[in-house]
Amino acid sequence: MLDLNRAVALVLLAFSSGYLYLAYSYHLLPFERFLAVKPNTMPMGLAIGGIICSLIILIQPQVTDVEGDGTVNRPDAEYLQNPQNYNWGQGIGLLLLAVVYALSLRGAGFLFCTSAFLVLGGILLGERRYTFLIPISITASVLVWYLVDQVLTIYLRPWPGWVYY
């Protein structure tokens, strides 16, 4: 019998295969042919990653997790059997934080919003070593901005909108 993981892996394999075909057959404009990173480079990488992950799940031997008394013997079994054990407050808090991040990104700038999102998300998840959390968040925000803006040459507004007026 096909378990849920393998069924999802089959769906992912079909989706990734179709996505790879569409990305590969994407017609490039004449000036895009000589770019280092083409418009279809990332979709092709994502599709190949999806194919590899789904094949790994499909190839792995099937392990039975049910013991003789009918209980599930897995580290995440408590969440699968009783959803009340999941920390719903943290999950909903992170979703709300992500929505606020997305809505404030244009007005407050990438560097401030991303740093604040990482710091507040870390605090929400229980990190209390602020001497590590704040510098790492700021460094990660600056590195991502540099890679996107300077290396990939995709303009990303680093500062709040009122700075430019």
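Student: Why is H1 called roughly antiparallel to H2?
Tutor: In this predicted model, helix H1 (residues 4-24) and helix H2 (residues 41-59) pack with their axes 8 Å apart and at an angle of about 155°. Angles over 145 degrees count as roughly antiparallel, and therefore H1 is described as roughly antiparallel to H2.

Student: Which residues in H1 and H2 meet?
Tutor: Heavy atoms within 4.5 Å count as contact, and among the residues of H1 that meet H2 are Arg6, Leu10, Leu13, Ser17 and Leu20. On the side of H2, the residues in this contact include Met44, Ala47, Ile51, Ser54 and Leu58. By class, the contact of H1 with H2 has 17 nonpolar, 5 polar and 1 charged residues.

Student: What makes H4 roughly antiparallel to H5?
Tutor: The axes of helix H4 (residues 88-108) and helix H5 (residues 110-124) cross at roughly 170° and come within 9 Å. Since angles over 145 degrees count as roughly antiparallel, that value makes H4 roughly antiparallel to H5. Leu94, Leu97, Tyr101 and Leu105 are among the H4 residues that meet H5, where Phe110, Cys113, Phe117 and Leu124 are among their counterparts. By class, this contact of H4 with H5 has 12 nonpolar, 5 polar and no charged residues.

Student: At what angle do H5 and helix H6 pack, and what is the handedness of their crossing?
Tutor: H5 and helix H6 (residues 130-151) pack at an angle of about 145°, with their axes 9 Å apart, and the crossing of H5 and H6 is right-handed. In H5, the residues that meet H6 include Phe110, Leu111, Leu118 and Ile123, while those of H6 include Tyr130, Leu133, Ile138 and Trp145. The contact of H5 with H6 has 13 nonpolar, 5 polar and no charged residues.

Student: Which residues line the second largest pocket, and how do you know that some of them are charged?
Tutor: The second largest pocket is lined by Leu105, Arg106, Phe110, Tyr155, Leu156 and Arg157, and about 160 Å³ of space lies in this pocket. Arg counts as charged, whereas Leu, Phe and Tyr count as nonpolar, and the lining accordingly divides into 4 nonpolar, no polar and 2 charged residues.

How values were computed:
Residues are numbered from 1 along each chain as its sequence is written. This is a predicted model: local features need pLDDT of at least 70, side-chain atom pairs count only at pLDDT 80 or more; totals for chains, interfaces and linings use all residues. Side-chain values use heavy atoms; hydrogens and water are left out. Axes are lines fitted to C-alpha atoms, for helices over the stretch in contact, and angles run from 0 to 180 degrees between N-to-C directions. Helices (H or I, at least four residues) and strands (E, at least two) are DSSP runs, numbered from the N terminus. Angles under 35 degrees count as roughly parallel, over 145 as roughly antiparallel, 65 to 115 as roughly perpendicular and the rest as oblique. On a 1 Å grid over the protein atoms alone, a cavity is a set of points where a 1.4 Å probe fits but cannot get out, and a pocket is an open set with protein on both sides within 12 Å along at least five of seven lines; lining residues have an atom within 4 Å of a point. Grid points are joined across faces, edges and corners, and a volume is the space filled by probe spheres set on the points. A crossing is left-handed if the near helix is turned anticlockwise from the far one by less than a right angle, and right-handed if clockwise.
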